[in-house]
Amino acid sequence: MDETYLKNLETAAHIIMAPPNSITNQQRQESEHIFTTFRRTKTPYALCQAILEKSSVDLVLFEAADVLKKAVVGEWKFIAEQDRASLRQYLLSYVIQRDVPVFIRDKLLQVVAIMIKRASLEDHGAERGQILEETKKMLTSGELKQQILSCSIMLAILEEYCNIVRSDDTGLNTLEHFKAKKQFEDSDLLKTFCMTLQAMVEIVNAFDTSNSLQMYFFKQLLTVMETVLTWGFLLPNLRNVRVRHSLSKSIIDTSETVTKALHAPPLRLQAQWKSVIFDPKVLEVFFHTYWKMREIDDLQPKALTCILQLSTLRGPIISENIDESMSYLANYLTHFLSLMTNIEIKDKEAYSFSLILRKLFQFLPTDMLKMLPNSLFDASMQQCFTLTMKFFEQSAAEESVAPDEACYIDALSNMLGIWLSFFDDKRNYPTEPMLPYITQMFEKYVQCHLAPPQGIRGAGGREGDGDNEITELEESDRERFREQLTVMGFFGRQILQHALGLLAKLLEDRTRKLGTHLHMLHASKTLSLSDGMSLENLFEDIHWLLLISGHVIAMESVGETPMIPEPILVLSKQQVESGATDVSNSLKLLASPHQDIQEIANAESNTDPVIRLMAAGFRLCELEKTAIEVRMYQFLSPELSATTMWFLRHWCGTYVMSAYEPTATHIFANAFGVGTAGALWVINYLLNKICLNAQHLRAEPAVMEETIELLLALQRNRYRAQTIFNSEYFRSICDLKSFELPLTVKRKLLRGFVTIGGSVEGEEVRTEYIMRIVQGTKEKFGLLQATFQQHAHLHQSEQFKQKVIEVLEETIGCVEGAYDNLILILYQEVQPICKQLSTFMSVYRNDT
């Protein structure tokens, strides 16, 4: 190599790395051109070796390593066997003997790993085995720098083999990648694990946290272990499986990336791992390592990943060795429970610990779990319960203090998943013994969402959210905690009588206190800081009680006809038959929202528990109505108003004039059945509430959104739609289309109006009704056309554009609501608009 050439490379490297203000653009371009030319060098092996020997500039060394890598990949078939071995040996000797920066060392080791992988397809891994033997000697040498280097060699090899696509593209096709990986799994992966495990055993007890070099060595060991234990094992009989050479690498890459992103794949070990993995000392080493490393931020995540992966042991090694598997499972649970009882769980540990339990209890065969010693199984169940209760409290605190964090919320999700899996398997886990756990968890969840003194939620609700408004960009509690609320609804139905009674009393108590506060505020006309805090706590309490209550008495049904949950039907029927429920008094309570339950004789003792909850919701509506009538808008909570409307919608769609009504003698059939006075009263009350919200709360987008969703839910049932059409309030509701409402709300409103038309009997009446609904939109469109024809220049004004968008949204809403006998009528009405739309489309074709 010409010395001048090396000098030019080093000068170019110094220019590229220099501060921008110290060199010219021409100097930078010339330097980049020198490196571009260098990267295109063919058969650069001798040149790169000379550079590695003579240069001391890091960028030049790194570029030489990268050029070597690309040449090896591209020219592998043309390199003589002797030259391959010589180059491989040179690079290994270079990194062993030279003290080079880590990034250069890792790049050179990547080249070595690529060469090992390519060669293994020809020599069946013989040379790889020799290199690993040499690495083992380095690992047991006792010299820290040599041990660190041995870990780097192992990591380079592991990274090259572990994934089919994310390894460096070595010029192999997909089938060759599969074969190379499978060969490595069968021959050297276990050897790598054993080497690393032995090194961990030797160092963990004498670990010195003040020795930075030892710290780095142990981190490397844990990284090797993490890579082995998160390995995506191939099928055991890959040789019998035909893999298409044309199989898209992008598909494989997507699969591997998604799997790793969600969770590492289970540890599916083959038969040759049996004597190693079932050795009790293996788990002892890993748990002891975690115990020692959990206070070291740099090492704790890797140690935790290792014990997490050991909980996922699956595959033939489990199914073919039941006795050994049971010993392994019992040993793992013993170590895990010991760890749990001797530490205080940190935020960063919560999710992983919950995931360990979920992988053990939800994904292992139930038969295996039932074979555990009773004392160990009971202790594990108790630990699940203890963690669930703890995560209830911590997740509630997380909601208040750090809404963007989700450590404990996600951990709680895992724990709830375990309990649901128990309930799904009633043969092995009878419901009765679970009820004490369920009762305490349900009560704890309610308590976590109530303010002190009865609850433990942070005083003042959400910090920094004093105005208690929901913006369009903020996810509502109902959406964010949908999974939790659904599970709590399920839990509540397992202990139905207790849950309904608890929720009803709490909701009545908070509503009563809210009424008292509003009355005092109306009298004083002022709101002190303490009063504001108390009011906000009450709003938040009632908000959560409504969310929990709604999910207990009715289930979410998307795309399906909602049905009353069977446990509720059974309980209400039993209560009536036993004389515990007075049907007349229950209906009286429901129809008396202006009265507190304490004002109705015996209502607290003999009303149906479900109707009592519904009546509490109506009582809250009546309180809000009174506040609006005396113009106390500023003291109301938009969030609570929106949640109240959701609560009414949620249960009304299930109970009122249900498509699947209970028997005629059932209390719900008497209260909400088709044609009953109770159902008529409920629908009229809800329509009145819709009108009230539209008149006084239409400035709140979230409230109006839920209000219109209630109207849409009511009209989805033909019987309810007919009742709406004949209601005295429907004319007032139809007037809402002339109100200034958000366009999304207006669109849904018109969709609902048109859909209701399908229930109108008589062709002439139906046609007249649809014409009246569409008339306003047609008039707006006609006015737009006239304005455009007379003042064409106005079409670019924002005001004009908004009017065009408004007409389009209203038209879309009308069309979305049409079905069956409405389609032809509606088409005749909107046809003139559709014909003229091309004019506006041509005008705004370039607008975005």
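**Tour: pocket, ring cluster, N-terminal span**

Start with α30, which supplies five residues, the largest share of the lining of the largest pocket. This is a predicted model in which local features need pLDDT of at least 70 and side-chain atom pairs count only at pLDDT 80 or more, while totals for chains, interfaces and linings use all residues. Residues are numbered from 1 along each chain as its sequence is written, and side-chain values use heavy atoms, without hydrogens and water.

The pocket holds about 580 Å³ of space. Select S557, E560, P562, A713 and R716, the closest to its centre among the 23 lining residues. The lining divides into six nonpolar, eight polar and nine charged residues; here Ala, Val, Leu, Ile, Met, Phe, Trp, Tyr, Cys and Pro count as nonpolar, Asp, Glu, Lys and Arg as charged, and the others, Gly among them, as polar.

Next, select F361, F377, F385, W419, F422, Y429 and Y437, a cluster linked by ring pairs. Rings of Phe, Tyr and Trp (its six-membered ring) pair if their centres lie within 6.5 Å; planes under 30 degrees apart are stacked, over 60 edge-to-face, the rest tilted. W419 and Y437 have ring centres 5.4 Å apart and planes at 45°, so this pair is tilted. W419 is in helix α20 (residues 407–424) and Y437 in helix α21 (residues 431–448). Both W419 and Y437 are buried, that is, under 20% relative accessible area with a 1.4 Å probe, protein chains only.

Finally, go to residues 31–97, where UniProt (unreviewed entry) places "domain: Importin N-terminal". The span is 81% helix and 0% strand, and its end C-alpha atoms lie 31 Å apart.

Technical notes: On a 1 Å grid over the protein atoms alone, a cavity is a set of points where a 1.4 Å probe fits but cannot get out, and a pocket is an open set with protein on both sides within 12 Å along at least five of seven lines; lining residues have an atom within 4 Å of a point. Grid points are joined across faces, edges and corners, and a volume is the space filled by probe spheres set on the points. Helices (H or I, at least four residues) and strands (E, at least two) are DSSP runs, numbered from the N terminus. UniProt positions are given in the numbering used here, feature names are shortened, and annotations may be inferred rather than shown by experiment. Buried means under 20% relative accessible area, exposed over 50%, partly exposed in between (1.4 Å probe, protein chains only).
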